[in-house]
Amino acid sequence: MQVALVSGANRGIGLEVSRQLALKGFKVYMGMRNIADNNELIEELKSQDLNIIPVKLDVTKTADIRNIQNQIKETEGHIDVLVNNAGVFLENLGGGLESSVFHVDPVIVLKTIETNTIGPLKLIQAFVPLMLSAGKGRVINVSSGMGALSEPAGKYPGYRMSKTALNSLTTIVQAEVEGSDISVNSVCPGWVRTDMGGAGADRPVEKGAETIVWLATTTNPPQGKFLRDKEVIPW
């Protein structure tokens with residue numbers, strides 16, 4: 001049975017990816033910061049006979065990652081797909097000035113990078129060695145066009161830099177697993193109607209999840225690319 005771990009899986013894109021992978025026969029470890037707050041959701045998914053395992057995962061907490069690493073090693077012995085989906089957008093909490101590079105609190109920038117970049121790095125360090133042992137696997141980093149250097153724009157420096165760095169991490173990891181059947185890619189899901197994207201976003205969550213699920217399941221995925229709508233886009 002194929003095994004996947006999805007971070008930030010209790011809502012939005014992470015939830016939809018988890019649901020779709022489970023429908024395709026995966027055993028999905030759903031990472032969420034507080035399991036107790038999601039008991040109703042968990043019961044609903046299990047009532048649909050979906051093979052999901054809720055796990056406590058705050059990607060900023062090394063202990064959480066270590067616990068899940070041990071659980072998956074002992075229970076499964078392998079992992080096929082890692083979806084680094086958990087992320088934060090902390091610069092839109094006020095009247096607008098705080099989103100400018102000239103006004104943003106550097107502490108907010110650091111907190112954003114801790115979750116959006118260092119969290120995925122920790123999960124990659126925990127689980128890609130298992131993939132290397134098996135000689136195969138998929139790592140999918142949920143990024144954003146806001147991190148693309150080919151689309152320069154102002155405002156939201158913490159979020160933009162965190163996603164640019166995540167894209168860089170994608171290329172570094174892909175280079176270090178060269179010669180294996182491991183694919184490491186970044187995905188821009190587009191502007192999706194989630195708690196983060198807001199009600200005015202132009203894409204349903206199903207569309208946001210589409211390329212991620214495709215990368216997890218397609219026979220010959222690209223390696224070390226940045227994708228939107230299953231097509232490679234510029235970094």
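# Helix packing and nonpolar cores

Thr 117 counts as buried because its relative accessibility is 8% (buried is under 20% relative accessible area, exposed over 50% and partly exposed in between, with a 1.4 Å probe and protein chains only). The model is predicted, so local features need pLDDT of at least 70 and side-chain atom pairs count only at pLDDT 80 or more, whereas totals for chains, interfaces and linings use all residues. Residues are numbered from 1 along each chain as its sequence is written, and side-chain values use heavy atoms, with hydrogens and water left out.

Thr 117 lies in helix α4 (helices are DSSP runs of H or I with at least four residues, strands are runs of E with at least two, and both are numbered from the N terminus). Its contacts (heavy atoms within 4.5 Å), leaving aside neighbours within four places in sequence, are Thr 112, Ser 162, Ala 165, Leu 166 and Leu 169. Under the same exclusion of residues up to four places away, Thr 112 touches Val 88, Leu 90, Thr 117, Gly 158, Tyr 159 and Ser 162. Asn 38, in the loop between β2 and α2, touches Asn 10 and Met 32 when residues up to four places away are not counted.

| Buried residue | Relative accessible area |
|---|---|
| Thr 112 | 0% |
| Thr 117 | 8% |
| Asn 38 | 11% |

**Packing of α3 with α4**

Helix α3 (residues 62–75) packs on helix α4 (residues 106–134) at an angle of about 20 degrees, and their axes are 10 Å apart (axes are lines fitted to C-alpha atoms, for helices over the stretch in contact, and angles run from 0 to 180 degrees between N-to-C directions). The angle makes α3 roughly parallel to α4 (under 35 degrees is roughly parallel, over 145 roughly antiparallel, 65 to 115 roughly perpendicular and the rest oblique). From α3, the contact involves Thr 62, Ile 65, Ile 68, Gln 69, Ile 72 and Lys 73; from α4, Gly 119, Lys 122, Leu 123, Ala 126, Phe 127 and Leu 130. By class, the contact residues are 7 nonpolar, 3 polar and 2 charged (Ala, Val, Leu, Ile, Met, Phe, Trp, Tyr, Cys and Pro are nonpolar, Asp, Glu, Lys and Arg charged, and the others, Gly among them, polar).

**Packing of α1 with α6**

The axes of α1 and α6 come within 9 Å and cross at roughly 50 degrees; the two helices are therefore oblique to each other. Gly 12, Ile 13, Glu 16, Val 17, Gln 20 and Leu 21 of α1 meet Val 205, Glu 206, Gly 208, Ala 209, Ile 212, Val 213, Ala 216 and Thr 217 of α6. This contact comprises 8 nonpolar, 4 polar and 2 charged residues.

**Nonpolar cores**

The largest nonpolar core has 29 residues, of which Val 17 and Leu 21 touch the most other members (a core is a set of buried Ala, Val, Leu, Ile, Met, Phe, Trp, Tyr and Cys residues joined through side-chain atoms within 4.5 Å). Two or more residues each come from β1 (3–6), α1 (12–23), β2 (27–32), α2 (39–47), β4 (81–84), β5 (136–142) and α6 (205–217). Helix α6 gives the most to this core, with 6 residues. Leaving aside neighbours within four places in sequence, Val 17 is in contact with Val 6, Val 83, Ala 209, Ile 212 and Val 213. Apart from this core lies another, of 26 residues, including Val 55, Leu 130, Leu 166 and Ile 182.
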